[in-house]
Amino acid sequence: MNQVFQQDLNTKELQPGGPLLINLLFKEPVELPDTQRVADVCRKHFGNVECREGDDKSVFITALDHMVEFEDGKAPVQFLMTSCMDFDGKTVDDFTRSQMWDCQESRDRILEECRYSMLATDFLARGLSSLERANLEMDYLEALAELFPSCEAFFFSGSGKLFEAEEIRGNQIEGPDRFIRYAVNVRFFTIQGSDDMLGRYTRDEHAVPA
């Protein structure tokens with residue numbers, strides 16, 4: 001029997017331009033690579049970078065080739081990867097699970113077996129053009145897949161998409177189409193009081209490039 005979900009019409013949509021939130025899921029806890037290793041891999045994927053370790057053992061990556069212009073000057077985009085933390089797949093609700101189109105057969109196993117996670121996100125990237133940002137963030141995703149070979153899956157909390165890590169590592173898509181593939185989700189709703197259905201896409205909250 002198909003489960004029926006009701007959209008909460010009182011929930012406010014996230015505003016466009018927010019950070020890309022990528023959760024890396026693991027079966028066992030992992031240590032962050034040293035900053036030199038992170039720099040070497042990121043440099044290969046998206047150009048000149050600087051890396052430093054934060055006070056909480058997180059790693060900050062400055063993408064020096066991707067500058068954002070402000071009224072009072074310029075600043076480079078930054079990325080963050082946190083240290084490993086506990087993860088409870090039971091916090092992922094049934095509706096979100098039902099929309100994981102790319103991982104329907106393995107989603108429950110992944111969310112049950114993966115007890116640890118690491119968060120990767122960006123700073124200031126909203127100031128880039130949509131095209132540059134989409135490419136840069138997917139380059140970062142591919143760097144993460146290389147840096148963490150024990151990662152089981154990638155969960156995009158903004159769009160609710162879940163992918164087994166091997167799909168990311170074996171990706172053959174190029175350019176911004178990667179963002180459409182990994183960070184955009186299509187959801188279908190029945191319109192209340194009718195038999196009509198509506199499709200809408202959700203994404204990690206910034207503009208999808210044309």
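The model is predicted: local features need pLDDT of at least 70, side-chain atom pairs count only at pLDDT 80 or more, and totals for chains, interfaces and linings use all residues. Residues are numbered from 1 along each chain as its sequence is written, and side-chain values use heavy atoms, without hydrogens or water.

**Confidence.** pLDDT is the predictor's confidence in each residue, from 0 to 100. The protein chain averages 84, and 80% of the residues score at least 70.

**Helix α1.** Helices (H or I, at least four residues) and strands (E, at least two) are DSSP runs, numbered from the N terminus. Helix α1 spans residues 35-46, 12 residues in total. Its first and last C-alpha atoms lie 16 Å apart, close to the expected 16 Å, where the expected span is 1.5 Å times one less than the number of residues. At its start, a side-chain oxygen of Asp34 comes within 3.1 Å of the backbone nitrogen of Gln36. Gly47 follows α1, with a positive phi near 95 degrees.

Val38, Ala39, Val41, Cys42 and Phe46 of α1 are buried (under 20% relative accessible area, 1.4 Å probe, protein chains only). The buried residues of α1 pack against β2 (49-53), β3 (59-70), β4 (73-81) and α4 (130-147).

**Thr96.** Thr96 sits in helix α2, residues 94-98. Thr96 counts as buried because its relative accessibility is 14%. Beyond its neighbours within four places in sequence, Thr96 contacts Phe155 and Gly160.

Conventions:
Buried means under 20% relative accessible area, exposed over 50%, partly exposed in between (1.4 Å probe, protein chains only). Contact means heavy atoms within 4.5 Å. A polar contact is a pair of N or O atoms within 3.5 Å; within protein, one must be able to donate a hydrogen and the other to accept it, and residues adjacent in sequence count only if both atoms are side-chain atoms.
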